[in-house]
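Me: I would like to learn how to read a protein model. Can you take me through some features, one at a time?

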Amino acid sequence: MASTLALLRLSAPAPLAVSRGAARGGPAAVRVPCRSRVSAGVSLGSEVAVGSDALFADYKPTTAFLFPGQGAQTIGMGAEGQNVPAAAKLFDKANDILGYDLLDLCTNGPKEKLDSTIISQPAIYVTSLAAVEVLRARDGGQSVIDSVDVTCGLSLGEYTALAFAGAFSFEDGLKLVKLRGEAMQDASDAASSAMVSVIGLDSEKVQQLCDAANEEVDEKERVQIANFLCPGNYAVSGGVKGIEAVEAKAKSFKARMTVRLAVAGAFHTSFMQPAVSRLESALAETEIKTPRIPVISNVDASPHSDPDTIKKILARQVTSPVQWESTVKTLMGKGLEKSYELGPGKVIAGILKRISKGASIENIGA
């Protein structure tokens, strides 16, 4: 799921809540606001939607929690959370599930290891949920958490959002994220692929650039837009030769620049298909509940309430383009008033400001 997160730092302006019982060593449990400004409505129209999936079709957001995706990781993340017992407990639980010292990698690196797909995905998931506990521990923090009536995350961050919304436990979410990172790394190792950010073009022009590049390469090297992040910033994934063709042609399409992304492979394309079956098997064995608040999917920029549909959406997510720009614009159009970015970095804040300069967003780190 890597994205153009690192690149957005060039232009960006300067959860799952674990119960107090879990903080004392008991089983982790989701503790989220029970209210939600939604009502039953018409079918969402998704190809995987079912009749019982329309619970959140008419949602009206006011306050959102937004969770970052791969690329937001940075050495030192997680350190602040160690001052909050509930946040520190999440890292302890993570060590048992992952089989290694996650906090040490987050705080000390080495960077090359933290940046790897199999480490960065669990690291961001845990640190982002620890940020929820950091917020809870602040004066007025619980009131903020109680006010949240919609959540979503950028690619990997969708798992964090689902955990915060009570769709699955912290532990089950981490197990899924661990497997997801491993499966995506294996899929990347099986093919020669890459990702590049194209800066300064609208999505239509980027699509035309992809079309032109695809005319010069074999089908197995073809490229596509993988991340629709914000105006002027879109990530393209595909075979290495296709990516090289995009880079060579970008200037002729008036792109300001291209930036090759330091990721394992062509995430959010068919290159990740080998990861799908492994995810499907893991999801089939995971208990997923209807979220307590709407969680907006990366696949179709819509919320889903049916657990089976959520499982299908998550399996599709690794091969489907990330519809983040549509997600943010939809939230804004529905009346979103305030957002919080929980986790490492300020990438999502940068995206929101690119889409709407007047957007209100606060960063909560851990």
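Reply: Start with one residue. Asp53 sits in the loop between helix H2 (20–23) and E1. Helices (H or I, at least four residues) and strands (E, at least two) are DSSP runs, numbered from the N terminus. This is a predicted model: local features need pLDDT of at least 70, side-chain atom pairs count only at pLDDT 80 or more, and totals for chains, interfaces and linings use all residues. Residues are numbered from 1 along each chain as its sequence is written, and side-chain values use heavy atoms, with hydrogens and water left out.

Me: Is Asp53 buried or exposed?

Reply: Buried means under 20% relative accessible area, exposed over 50%, and partly exposed in between (1.4 Å probe, protein chains only). Asp53 has 1% relative accessibility, so Asp53 counts as buried. Thr309 is 256 residues from Asp53 along the chain, yet their C-alpha atoms are separated by 7.3 Å.

Me: What about Ala86: buried or exposed?

Reply: Ala86 belongs to helix H3 (residues 85–98). Its relative accessible area is 13%, so Ala86 is buried. Glu133 is 47 residues away in sequence, and 6.1 Å away in space, C-alpha to C-alpha.

Me: How many of the chain's residues count as buried, as a percentage?

Reply: Of the 366 residues, 58% are buried. The chain holds 15 helices and ten strands.

Me: Now the sheet. In what order do the strands lie?

Reply: Pairing comes before order. Two strands pair if DSSP finds at least two bridges between them. Here five strands make an open sheet, ordered E6-E3-E5-E4-E8, with mixed pairing. Strand E6 (257–260) and strand E8 (322–323) are at the edges with a single partner strand each, so one side of each has no neighbour in the sheet. E8 pairs with strand E4 (residues 223–230) in the parallel sense, over two bridges. Within E8, Val322 is the bridge partner of Asn227.

Me: Which strands does helix H10 touch?

Reply: Contact means heavy atoms within 4.5 Å. Axes are lines fitted to C-alpha atoms, for helices over the stretch in contact, and angles run from 0 to 180 degrees between N-to-C directions. Helix H10 (residues 203–214) packs on the sheet and touches strand E3 (193–199), E4 and strand E5 (233–239). The direction of H10 makes about 165° with that of E4. Helix H11 (residues 240–249) lies across E3, E4, E5 and E6, at about 140° to E5.

Me: How many aromatic pairs are there?

Reply: Rings of Phe, Tyr and Trp (its six-membered ring) pair if their centres lie within 6.5 Å; planes under 30 degrees apart count as stacked, over 60 as edge-to-face and the rest as tilted. That rule gives six aromatic pairs. Take Phe65 and Phe67: ring centres 6.3 Å apart, planes at 90°, so this pair is edge-to-face. For Phe65 and Phe164, the centres are 5.0 Å apart and the planes at 45°, so that pair is tilted. Phe65 is in strand E1 (residues 63–67) and Phe164 in helix H8 (residues 157–164), so the pair ties together parts 99 residues apart in sequence. Phe65, Phe67, Phe164 and Tyr340 make up one aromatic cluster.

Me: Which charge sits over the ring of Tyr340?

Reply: A charge sits over a ring if NZ of Lys or CZ of Arg is within 6 Å of the ring centre and within 35 degrees of the ring normal. The charged end of Lys338 is over the Tyr340 ring, 5.1 Å from its centre. Lys334 lies over the face of Tyr59, 4.7 Å from the ring centre.
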